[in-house]
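Please look over the sequence and the structure below. A short report on selected features follows them.

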Amino acid sequence: MTATISAPSGTRPTLRSASPAKTRSDVVVAGVVSGAKQAEAAPGSEDIVAAYGRKFRPMLAALGVTGKAGEVNVVPTGGTIAAPVLILVGLGSEATARNLRKAAGNAARSVKNATSVALALPCESAEQLAAIVTGWRLGGYSFHTYKSGPAPEPPATVSILTASARTTEFQETLERTNVIVDAVLATRELVNIPPGDLTPPAFADALVAAHADLAATPAGSAVTITVHDEHSLAELGCGGILGVGSASAAPPRLVELSYQPEGIDDPPHLALVGKGITFDSGGLTIKPAGSMRTMKCDMAGAAAVASATFAIARLGLPVRISAFMPMAENMVDGAAFRPGDVLGIYGGHTVEITNTDAEGRLILADALGRAVEVEPDAIIDVATLTGHMVMALGDLVAGVMGNSDGLIDQVLDAAQRAGEPLWPLPIPEEMYDRLKANTVADVIQHDWVRYGGGLFAAGFLEYFVAGLPWAHLDIAGPAFHSGGANGHIVAGGTGYSVATLIELAQSVADESAAPAAGEEPDGNAESSGPTGWLRQLTPRSFMRRL
Ligand code: BES
Ligand code: MN
Ligand code: ZN
């Protein structure tokens, strides 16, 4: 099988202002909130409640409906409303974006064999609309490329019932949300493809194909793609990528995307860098079997960065993006790189290898060096970098570290808007001493201190960003979901960070269009520079609700 980026996009919902009691859809989905005394119908379902009349409350009571977030009840209507099936989904005490996304995701999976579905969930604000679309499309996604049976058929039409169906704000929000969801689904699909099929060359080819798809749209000519193969990498001196990839039958790659918004002078410029290890066996420092099981997900950062870049171009955001996706497979054979080896990184720094399983930082070092050269206003890297981050924050929350409080705050705000849980962590100054201690090279890759290994890894990356404002997202936890489906998250790749990157680009664009009074246009001129890590531990940051 060959890799393909064309994700099954499910059904893109449309907006309608029809009555949920009169619509002839096969299924109507309505919300229930957990009221003070008992569950109550949520806004949007008034007509349904009216059609049931006095029978509505007893029905909720008989079904044991509580309105708890995520609860689902499938009810045959027997003709009380025009649709034969009513699905009641719990929204908790309030129809927040978070609860709506969860409810819509659960609802998407509880609809079987319907040709048409109408969603009569609370949809009064653009934020609620985005949450419904995101939950429905992401929650309804499943990866079936490798299953031999027929693919599940999504409903042909999904309409969101809302009084604001015809407003420009809602139509634009729907369009924008669909572009973001498409990018998340494309990322999930790439992560889910088996690693024997998504080798570095196949991954690079998939991005070339995705670029060709984009080239067919009006946004097309604004993005260029360059693929460096193993020969070009050798010429460039990308010893990190070549070293890590040396034991694989499939040679490494470095894919670079450049998006230049049209007709804008001197737009803000972000560099995005994503870890693209298509499979991480650990190399000679081989992983135990249990830890290797899900290591096809180790390219999730690169997939997210590429998909976000394509989406930013589709949205036409006035931000310049330079994206770098280093790709290698970390394997074992006679050509493998070894502990004790010294690798020459792009730009001339040398690294002494101590643990071939700390490979991500090596391919990122080359890519960060490339990113520094394009002189961006800020660099963001996204990587499934360390198991330490999973131990610290679990599998739902990613960690963000960096050298600029202003940038980290901006990334945290973007993650909040994107609904992706992200938490700040420090890079203690002692990491810089440890980098240079006890090594024959410029820096040591890893010093075998287990505690705080995710922070050491971030300190290592910082060495390669040449003091530019930089934020590092360690997504080792939330990039891949091994359990059952819940809300918009289903088993497999999650697409984590795509929405955050797009929101970040949007906020950088908005900020440069209207700089706040007295502030530098890039917003972080004052706070960039050496770590300032104590200042990152502000109550403001830690009061954040995830
Ligand atoms: N790809 C792994 C990190 C990872 C762990 C991703 C769990 C997703 C889930 C990374 O390359 C790795 O092996 N990191 C080592 C670093 C160590 C050797 C310093 C780790 O976490 O043990
Ligand atoms: Mn590893
Ligand atoms: Zn790895």
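Predicted model: local features only at pLDDT ≥ 70, side-chain atom pairs only at ≥ 80, totals over all residues.

Strand E12 spans residues 320-330. Ten of its eleven residues are buried, so E12 is largely enclosed by the rest of the structure. The cut-off for buried is under 20% relative accessible area.

Which strands pair with E12? Strand E9, residues 253-259, pairs with E12 in the antiparallel sense. Strand E10, residues 269-274, runs parallel to E12. E11 also runs parallel to E12. The table lists each pairing with its bridges and an example of partner residues.

| Strand paired with E12 | Sense | Bridges | Example of bridge partners |
|---|---|---|---|
| E9 | antiparallel | seven bridges | Glu256 and Phe324 |
| E10 | parallel | five bridges | His269 and Arg320 |
| E11 | parallel | four bridges | Ile277 and Ala328 |

E11 covers residues 276-280. E11 is mostly covered too: five of its five residues are buried. Buried strands thus pair here: E11 is mostly covered, E12 is largely enclosed, and four bridges join them.

**The ligand site**

How many residues surround ligand 1? There are 16. Asp280, Lys287, Asp357, Glu359 and Gly387 are the closest of them.

For Asp280, an N or O atom of the side chain is 2.9 Å from an oxygen atom of ligand 1. For Lys287, the corresponding distance is 2.7 Å. Glu359 has a polar side-chain atom 2.9 Å from an oxygen atom of ligand 1. Ligand 1 taken alone exposes 510 Å², and the protein buries 84% of that area.

**A nonpolar patch on the surface**

Which residues form the nonpolar patch on the surface? They are Leu284, Ile286 and Val332. Together they have about 260 Å² of accessible area.

Is Ile286 buried or exposed? Its relative accessible area is 52%, so Ile286 is exposed. The cut-off for exposed is over 50%.

**Two loop residues with positive phi**

Asn438 is not a glycine, yet its phi is positive, near 55°. Asn438 lies in the loop between helix H14 (430-436) and strand E18 (443-444). Its relative accessibility is 74%, so Asn438 counts as exposed.

Ala466 also has a positive phi without being a glycine; the value is about 55°. Where is Ala466 found? Ala466 is in the loop between helix H15 (453-462) and strand E19 (470-474). With a relative accessible area of 59%, Ala466 is exposed.

Conventions
Residues numbered from 1 in each chain as written. Chains lettered and ligands numbered in written order. Heavy atoms only, no water. Patch = residues over 30% accessible without salt bridge, like charges linked within 9 Å, V, L, I, M, F, W, Y side chains within 5 Å. Areas by Shrake-Rupley, 256 points an atom, 1.4 Å probe, with all protein chains shown as cover. Salt bridge = Lys/Arg side-chain N within 4 Å of Asp/Glu carboxyl O. Buried < 20%, exposed > 50% of the residue type's maximum accessible area, 1.4 Å probe, protein only. Near = heavy atom within 4 Å. Polar contact = N/O pair within 3.5 Å; in protein donor to acceptor, adjacent residues only side chain to side chain. Pairing = 2+ DSSP bridges.
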